[in-house]
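Dear colleague,

Please find below the structure that I am handing over to you. My notes on it follow directly after.

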Amino acid sequence: MRINAPELTDFVEQMFVAAGSSAAESRRIAENLVDASLRGHDSHGIIRVPRYISWLRDAKLLADQEISVVNDTGSIVVLDGNFGFGQTVGPQAVQFGIDRAAETGVCVTGLRHAGHLGRIGAWAEMAAGAGQVSLHFVNVAGSVLVAPFGGVERRMSTNPVAIGMPSPDGNPVILDFATSVVAEGKVLVAAKGGKPLPDDALIGPDGRPSGDPRLLYGDNDPAVTPDRKDGEGALRAVGDHKGSGLALMCELLAGALTGSGCTGPGYSRIYNGMLSIYMAADRFGSDDAISSELSRYISYFKSARPATAGQNVLVPGEPERNNRAERLEAGVPLPDDAWDAIVDTAAGLGIQAPEADG
Ligand code: NAD
């Protein structure tokens, strides 16, 4: 089924108001989640609404928090998200980094204890919109899902990395990915009979790669929400030892360096740490010189003959822009069971869902 994006945004906003967030925060959450869905990252879009509402109810996520400054040494600043919504403390922290880098040329922020920051590329886009290059390394404390290369037991999370570079045509280059072969949301979809996983997405206790979602969720009835503690396997890091190393560096940069905490057993909530580096692009040279070299190189990059006829080479950030254009027109697609879970959560809050199409 498809749901019209503006109606969906209003609906999700009403749900968060009913659940206890201010109108401004509810709007930010709704816009951020609908935007992730529009850009094709369904696993980080409105499918998250029931989980966010239950975390809010259980006080694992707190409404209307402000970041606090833990330590400000000029170009290095440690911020605490105080377990507020990532859609609130995330943009506060990113704006802090952008403002400071505008003064000093570069700013490194360590954000601790942020509620789920969603699609990390959104924060690289925000910096690119201010003319800044940015790099973001994220860990997910309390979510142990990914085996290190050479191991079969879970020790890390899906730790995303995002890098953004502004572009003169207003379409920044945004590389943004989880360091696991697939995001957990995709395993959940496969567990419920949806799109199958690549056959190297997971690893079993016997050390063999597999695409079987039961390795994460066990043999539970897929109609019941599967519990990721029940499986005996783990997600695999992307790119063998290289991706596993990158995921490890996310733990160390976002978890240890920021003081947010690296993941492991014993956490009572799931939250993000994020180490971000903001650079004012104009300090490297004239805007015109950087822009013209970037444009020239991107054209050269994209001019490579396609491996599959009719499928052009894309630049990171382009698939998301293409998805957004298509989904704004046709509506946000959602599997029936994901929509039903959102409608049930809304009913519990006394909110009526909009009509879905199809
Ligand atoms: P993915 O595998 O879809 O990869 C996305 C990246 O690859 C983007 O930069 C995209 O532009 C680029 N890309 C995709 N297809 C391309 C093509 N054909 N040619 C060139 N580039 C292409 O993403 P993912 O690993 O599934 O991650 C999904 C989202 O989940 C990300 O936004 C990530 O930040 C988010 N995430 C968040 C958390 C968290 O705790 N907040 C944890 C994990 C992942």
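**Domain 1 and domain 2**

The C-alpha centres of domain 1 and domain 2 lie 22 Å apart. Please bear in mind throughout that this is a predicted model. The domain assignment gives three parts: domain 1 covers 2-61 + 317-348, domain 2 covers 68-180 + 241-282, and domain 3 covers 189-236.

Where domain 1 meets domain 2, 22 residues of domain 1 are in contact with 19 residues of domain 2. The two domains bury about 1,700 Å² between them, with 55% of that area on carbon and sulfur atoms. Across this interface there are 13 residue pairs in polar contact, both residues being at pLDDT 80 or more. On the side of domain 1 that touches domain 2, at least two residues each come from α2 (23-38), α3 (49-57) and α10 (318-330). Helix α2 gives the most to that side, with 7 residues. Sorted by class, the side of domain 1 that touches domain 2 has 9 nonpolar, 5 polar and 8 charged residues.

The count of salt bridges between domain 1 and domain 2 is 2. R119 and D35 meet through their side chains in a salt bridge, at 3.4 Å from N to O. Both residues also belong to a network of salt bridges that links D35, R39, R119, E125 and R324.

**Other salt bridges**

The structure as a whole holds 20 salt bridges.

- R2 and E326 form a salt bridge through their side chains, at 3.4 Å from N to O. Because R2 lies in strand β1 (residues 2-3) and E326 in helix α10, the pair ties together parts that are 324 residues apart in sequence. R2 is partly exposed, at 26% relative accessible area, and E326 is partly exposed as well, at 37%.
- R27 and E13 form a salt bridge through their side chains, at 2.5 Å from N to O. This pair links distant parts of the chain, with R27 in helix α2 and E13 in helix α1 (residues 5-19), 14 residues apart. R27 is partly exposed, at 29% relative accessible area, whereas E13 counts as buried, at 18% relative accessibility.
- R236 forms a salt bridge with D200, the closest N and O atoms being 3.9 Å apart. Here too distant parts of the chain are linked: R236 is in strand β11 and D200 is in the loop between α6 and β9 (202-203), 36 residues apart. R236 counts as buried, at 16% relative accessibility, whereas D200 is partly exposed, with a relative accessible area of 30%.

**Helix α6**

Helix α6 (residues 184-191) is mostly covered, with 6 of its 8 residues buried. The buried residues are E184, G185, V187, L188, A190 and A191. They pack against α3, α7 (214-217) and β11 (234-236). G193 follows α6 and has a positive phi, near 90°.

**T258 and its surroundings**

T258 is placed in the loop between α8 (240-257) and β12 (271-280). Its relative accessible area is 2%, under the 20% limit, and T258 is therefore buried. The side chain of T258 reaches the backbone nitrogen of S260 at 3.1 Å. Apart from neighbours within four places in sequence, T258 is in contact with V78, G110, L111, R112, L253, M274 and L275.

**Individual backbone positions**

Two residues in the loop between α3 and β2 (68-72) deserve a note: A59 and D64. A59 has a positive phi, near 60°, and is a residue other than glycine. D64 likewise is not a glycine, yet has a positive phi of about 50°. A59 counts as partly exposed at 42% relative accessibility, and D64 counts as partly exposed at 34%.

P319 is found in helix α10. At 31% relative accessibility, P319 counts as partly exposed. The C-alpha atom of P319 is separated by 8.1 Å from that of G40, although the two residues are 279 apart along the chain.

With kind regards

Conventions:
Residues numbered from 1 in each chain as written. Predicted model: local features only at pLDDT ≥ 70, side-chain atom pairs only at ≥ 80, totals over all residues. Heavy atoms only, no water. Helix = DSSP H or I, 4+ residues; strand = E, 2+ residues; numbered from the N terminus. Buried < 20%, exposed > 50% of the residue type's maximum accessible area, 1.4 Å probe, protein only. Polar contact = N/O pair within 3.5 Å; in protein donor to acceptor, adjacent residues only side chain to side chain. Contact = heavy atoms within 4.5 Å. Domains from an automatic or database assignment. Buried area = accessible area lost by both parts, 1.4 Å probe. Salt bridge = Lys/Arg side-chain N within 4 Å of Asp/Glu carboxyl O. Nonpolar A, V, L, I, M, F, W, Y, C, P; charged D, E, K, R; others polar.
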